[in-house]
Amino acid sequence: MDIRTLRYFTEVVQLNGFSRAADALFVTQPAISRSILRLEDELGFTLLTREPDGVSLTDEGAVLFDHATRILAQFNSMNKALQDKSGPLTGTLNVGLPPVIASTYFAGIIMAFSTRHPQAELKIFELGTEQMSEAMAEGSVETAAVMLPFDDTRFDLQRFATDRLMLLVNTRHRLAESEQVSFRELTDEKFVLFSDDFRINELIRNACGIYHYKPAVAGRSN
């Protein structure tokens, strides 16, 4: 049992459903379901009952929910108190960033961090999603940014930005003047994708798969 699992459990109860909790926490529904199943196995009790219009607590689940909400409130209060009492941030923070979004979203954040915490050193590691998971698991990276979907339940996930895929084509291309393009229109096009461990490739392949084709890869970029 850990704080993340308790947070998943209380969110499911408060929002009356696994899918609503998954949306609120920016994780997949299977990830939340697996966490709660492991919690039930650990405690030896059924905690939730699925209903047509949501979920209901068992007697044991009600006891856990009461304690879990208090534990989470105390945990949040403790974190705030520690942050308020702590002195200047020092040491080294190792951050993993996908190259595809590093410069787009994080240039300003990195500069603001350095200005606010001049005694701390920020080390940036540009990694693909699979490498990011391994680096986080072994501790060589303390925090990281990834592209969704990301189902590794070993880590807490907080969404910080939402964006759309953009199509880059020659100005003379038939789709150059289009404001929106469906993947259905790209069936016969050749794609330039990133290296194999970049999650954006999976997003593109899945989108193409909806229209029953695989993207023809003309080249790759890292």
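Author: Rings of Phe, Tyr and Trp (its six-membered ring) pair if their centres lie within 6.5 Å; planes under 30 degrees apart count as stacked, those over 60 as edge-to-face, and the rest as tilted. By this rule there are zero aromatic pairs. This is a predicted model, in which local features need pLDDT of at least 70 and side-chain atom pairs count only at pLDDT 80 or more, while totals for chains, interfaces and linings use all residues. Residues are numbered from 1 along each chain as its sequence is written, and side-chain values use heavy atoms, with hydrogens and water left out.

The part to look at is helix H6, residues 129–138. Helices (H or I, at least four residues) and strands (E, at least two) are DSSP runs, numbered from the N terminus. In H6, Thr 129, Met 132, Ser 133 and Ala 135 are buried; buried means under 20% relative accessible area, exposed over 50%, and partly exposed in between, with a 1.4 Å probe and protein chains only. Seen down the axis of H6, these buried residues fall within an arc of 165 degrees, so they line one face of the helix. The arc is that of the directions from the helix axis to the C-beta atoms. Glu 134 and Glu 138, on the other side of H6, are exposed. After the helix comes Gly 139, with a positive phi near 90 degrees.

What covers the buried residues of H6? The cover includes strand E3 (91–97), strand E5 (143–144) and helix H7 (199–210). Contact here means heavy atoms within 4.5 Å.

Two of these covering elements, E3 and E5, belong to an open sheet of three strands in the order E4-E3-E5, with parallel pairing. Strand E4 (120–126) and E5 stand at the edges, each with a single partner strand, so one side of each is left without a neighbour in the sheet. Two strands count as paired if DSSP finds at least two bridges between them. E3 and E4 pair in the parallel sense over seven bridges, and Leu 93 stands opposite Leu 122 in E4. Strands of a sheet pair through backbone hydrogen bonds, either parallel or antiparallel.

At 1% relative accessibility, Asn 201 counts as buried. Leaving out residues up to four places away in sequence, Asn 201 touches Leu 193, Phe 194, Ser 195, Asp 196 and Arg 220. Phe 198 lies in the loop between strand E6 (190–194) and H7. Phe 198 is buried too, with a relative accessible area of 9%. The C-alpha atoms of Phe 198 and Met 147 are separated by 8.8 Å, although the two are 51 residues apart along the chain. In the loop between H7 and strand E7 (216–221) lies His 212, which has a positive phi of about 65 degrees although it is not a glycine. His 212 is exposed, with a relative accessible area of 74%.

Leu 148 is found in the loop between E5 and E6. At 30% relative accessibility, Leu 148 counts as partly exposed. Again without residues up to four places away in sequence, Leu 148 touches Phe 26, Leu 157, Arg 159, Arg 199 and Leu 203. Leu 148 and Phe 26 are 122 residues apart in sequence and 8.6 Å apart in space, C-alpha to C-alpha.

UniProt, in an unreviewed entry, places the feature "domain: HTH lysR-type" at residues 1–58. UniProt positions are given in the numbering used here, feature names are shortened, and annotations may be inferred rather than shown by experiment. The span 1–58 is 62% helix and 14% strand, and its end C-alpha atoms lie 18 Å apart. Asn 16, in the loop between helix H1 (3–15) and helix H2 (18–25), has a positive phi of about 60 degrees although it is not a glycine. Most residues other than glycine have a negative phi, and most peptide bonds are trans. At 26% relative accessibility, Asn 16 counts as partly exposed.

Strand E1 (residues 48–51) and strand E2 (residues 54–57) pair in the antiparallel sense over four bridges. E1 and E2 form a hairpin with two residues between them, and Thr 49 stands opposite Ser 56 in E2. The charged end of Arg 50 sits over the ring of Phe 18, 4.0 Å from its centre. A charge sits over a ring if NZ of Lys or CZ of Arg is within 6 Å of the ring centre and within 35 degrees of the ring normal.
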